[in-house]
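This briefing covers one chain, from a single side chain out to the whole fold. Please read it alongside the sequence and the structure.

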Amino acid sequence: MDRMDHLEHLDKHLVDELAQVARETVRDELREQTRKQRRKATLYAASGASALYAGAALALAVGLALAVVLPDWTAALITAALLGVAAYLLRGAARPHPSGPGSGHRAGGDAPPVPPVAPEVPPMPPVAPTAPAGTPTAGGTGPAAPRQDGTDAEGPRERG
């Protein structure tokens with residue numbers, strides 16, 4: 001029995017050691033991935049800031065160029081309108097579009113909403129079935145429901 005206790009102790013020690021190695025390996029791998037992603041995020045942020053300043057400089061250049069031939073307020077107004085149109089087009093390009101040939105979206109704008117297709121309804125007879133006189137209808141008690149064509153199922157019929 002002494003030998004079995006010794007083997008259990010070794011097994012426990014081995015499991016603990018393997019768990020510790022696995023934890024350290026996973027921790028190191030996550031640290032490495034986080035470091036790479038942090039660097040990538042920093043570069044994207046710097047790129048976005050540079051693009052923002054480049055866009056501002058371009059807008060200023062367009063405004064100054066227009067100010068040569070137009071009054072200053074008109075040049076600023078035209079520049080603002082151009083930036084607004086660019087923002088609208090970029091927002092439309094950023095929206096997710098449903099894929100497929102029948103999506104109904106046009107290039108460059110929002111399409112009118114397409115009504116949802118109703119599920120196919122099984123064919124119905126033009127006239128509701130009538131029950132013989134004195135028998136209750138499917139709803140429970142009472143006389144039969146009036147017909148859709150306006151004639152009474154129990155009343156006299158005209159022949160023409």
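The model is a predicted one. Leu 83 belongs to helix H2, and this residue is also part of the lining of the second largest pocket.

**Leu 83 and Thr 79**

- Leu 83 and Ala 59 are 24 residues apart along the chain, and 7.7 Å separates their C-alpha atoms.
- Thr 79 is another residue of helix H2.
- Thr 79 has a relative accessibility of 9%, and it counts as buried because that value is under 20%.
- Ala 59 and Val 62 line the second largest pocket, and so does Thr 79.

**Helix H2**

- Helix H2 runs over residues 72-94.
- Its 23 residues should span 33 Å at 1.5 Å a residue, and the end C-alpha atoms are 33 Å apart, so expectation and model agree.
- Thr 74, Ala 75 and Thr 79 are buried in H2.

**The second largest pocket**

- The volume of this pocket is about 170 Å³.
- Two elements each give two or more residues to its lining: helix H1 (2-69) and helix H2 (72-94).
- H2 gives the most to the lining, with 6 residues.
- Among the lining residues are Thr 79, Leu 82, Leu 83, Ala 86, Ala 87 and Leu 90.
- The lining also includes Gly 55, Leu 58, Ala 59 and Val 62.
- By type, the lining holds 8 nonpolar residues, 2 polar residues and no charged ones.

**The chain as a whole**

- The chain has 2 helices and 0 strands.
- Of its 160 residues, 4% are buried.
- Among contacts with a separation of 6 or more, 3% join residues 24 or more positions apart.
- The accessible surface of the chain is about 14400 Å², and carbon and sulfur atoms account for 64% of that surface.

Conventions. Residues are numbered from 1 along each chain as its sequence is written. This is a predicted model: local features need pLDDT of at least 70, side-chain atom pairs count only at pLDDT 80 or more; totals for chains, interfaces and linings use all residues. Side-chain values use heavy atoms; hydrogens and water are left out. Helices (H or I, at least four residues) and strands (E, at least two) are DSSP runs, numbered from the N terminus. Buried means under 20% relative accessible area, exposed over 50%, partly exposed in between (1.4 Å probe, protein chains only). Contact means heavy atoms within 4.5 Å. Accessible areas come from the Shrake-Rupley method with a 1.4 Å probe; for residues, only the protein chains shown count as cover. On a 1 Å grid over the protein atoms alone, a cavity is a set of points where a 1.4 Å probe fits but cannot get out, and a pocket is an open set with protein on both sides within 12 Å along at least five of seven lines; lining residues have an atom within 4 Å of a point. Grid points are joined across faces, edges and corners, and a volume is the space filled by probe spheres set on the points. Ala, Val, Leu, Ile, Met, Phe, Trp, Tyr, Cys and Pro count as nonpolar, Asp, Glu, Lys and Arg as charged, and the others, Gly among them, as polar. The expected span of a helix is 1.5 Å times one less than its number of residues.
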